[in-house]
Amino acid sequence: MAAPRSFLWTRRIFLTLLTGFVLLPVYVMISSSLKPLEDVSGSFHWLPSGFTVRPYLDIWTTVPLADYFMNSLIVAGAATVCSVVIAVFAAYAVSRYTFRGKRVFTVTVLSTQMFPGILFLLPLFLIYVNLGNATGIALFGSRAGLILTYLTFSLPFSIWMLIGYFDSVPRELDEAALVDGCGPLGALFRVVVPAAIPGIVAVAVYAFMTAWGEVLFASVLTNDTTRTLAVGLQGYATQNDVYWNQVMAASLVVSVPVVAGFLLLQRYLVAGLTAGAVK
């Protein structure tokens, strides 16, 4: 049965307005990043009077953006790898084995998502500082401390998501691998993990994006040498002026890895997010 013409036109108008609403901020960012500072600081004009690529060159010298970029890449990459590896083992154990406290563990993992992140800021700060004073392990102001912090956010959701995905993988595959001579780890890495690639990719993307754009903990638990991109962008605002064109240019540059990764992995991401929803 064909849809009514009024419905088709309503859908087209709605999708056009939605597309414009989504693309409008992107256009403002791109156009502002190509304007001289004088044009950006004044009244906003939809059509720039002139274009310049100077902001894309100045962003690397106004603040040490390359250092911030490397810090973010190391922290987000390490947090993603650790989160995926730990979540795979934990989710596989919960999905395939029965042990005492299994239900308590799963409920506890999920319940951690109910608490706001700011609730953990002061406790983590005190733990890192006191631990460093007592043992000499420098977690405050280090990349390692920030990686551990991001694990507390991404790991519970990653475990819970992979539990649902592993539950959707038939247990007969594990049993067939065990019959063929594989041990539990062999069955996990040779059978279950290849079948769970979409879910693992979805978890990895979630963990990476969580660490890449986080501001609150990075602004407190880092110093000048370990500062990440999300915090480093504040360096374009000085006491005398705000380099808006460089802010827009830097924002576009730091968005490239996330956008490129999403475009490359989107088919795995969609499959992973919907897997395990129906059994």
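Biologist: What about the span 69-265: what is its helix content?
Modeller: That stretch carries the label "domain: ABC transmembrane type-1" in the unreviewed UniProt entry. Its end C-alpha atoms sit 22 Å apart, with strand at 0%. Helix accounts for 75%.

Biologist: How many helices does the protein have overall?
Modeller: Reading from the N terminus, the elements run α-α-α-α-α-α-α-α-α-α-α-α-α. There are zero strands, and the helices number 13.

Biologist: With that fold in mind, is the protein more spread out than a compact globule, or is it less so, and why?
Modeller: The globule rule gives 19 Å for 279 residues, but the radius of gyration here is 24 Å, well over that figure. The C-alpha atoms fill a box of roughly 75 × 70 × 35 Å along the principal axes. So, going by the radius of gyration, the protein is more spread out than a compact globule.

Biologist: Which element has the lowest mean pLDDT?
Modeller: Across the protein, pLDDT averages 85, and 94% of the residues score at least 70. Helix 4 (residues 65-96) has the highest element mean, 92. Where pLDDT is low, the predicted coordinates should not be read in detail. The lowest mean, 77, belongs to helix 13 (residues 244-274).

Biologist: How many residues are in the largest nonpolar core?
Modeller: The residues with the most contacts inside that core include Ile59, Leu65, Phe217 and Tyr236. Among the elements giving it two or more residues are helix 4, helix 7 (143-168), helix 10 (197-212) and helix 13. A second, separate core has 26 residues, including Ala87 and Leu162. The largest core has 28.

Biologist: Zooming in on Leu65, which residues is it in contact with, beyond its neighbours within four places in sequence?
Modeller: Leu65 is one of the residues with the most contacts inside the largest core. Setting those sequence neighbours aside, its contacts are Ile59, Trp60, Leu229, Tyr236 and Ala250.

Biologist: How far apart in space are Leu151 and Ala79, C-alpha to C-alpha?
Modeller: Leu151 lies in helix 7 and counts as buried at 11% relative accessibility. Not counting residues up to four places away, Leu151 touches Ala79, Cys82, Ser83 and Pro156. Leu151 and Ala79 are 72 residues apart in sequence, yet their C-alpha separation is 6.1 Å.

Biologist: Where does Val169 lie?
Modeller: Val169 counts as buried, at 6% relative accessibility. Beyond neighbours within four places, Val169 is in contact with Arg96 and Ala195. Ala195 is 26 residues away in sequence and 7.2 Å away in space, C-alpha to C-alpha. Val169 lies in the loop between helix 7 and helix 8 (171-179).

Biologist: Last one: what distance separates the C-alpha atoms of Val205 and Pro123?
Modeller: Val205 lies in helix 10 and, at 13% relative accessibility, counts as buried. Val205 and Pro123 are 82 residues apart along the chain, and their C-alpha atoms are separated by 27 Å.

Note on methods. Residues are numbered from 1 along each chain as its sequence is written. This is a predicted model: local features need pLDDT of at least 70, side-chain atom pairs count only at pLDDT 80 or more; totals for chains, interfaces and linings use all residues. Side-chain values use heavy atoms; hydrogens and water are left out. UniProt positions are given in the numbering used here, feature names are shortened, and annotations may be inferred rather than shown by experiment. Helices (H or I, at least four residues) and strands (E, at least two) are DSSP runs, numbered from the N terminus. pLDDT is the predictor's confidence in each residue, from 0 to 100. The radius of gyration is taken over C-alpha atoms; the globule rule is 2.2 Å times the number of residues to the power 0.38. A nonpolar core is a set of buried Ala, Val, Leu, Ile, Met, Phe, Trp, Tyr and Cys residues joined through side-chain atoms within 4.5 Å. Buried means under 20% relative accessible area, exposed over 50%, partly exposed in between (1.4 Å probe, protein chains only). Contact means heavy atoms within 4.5 Å.
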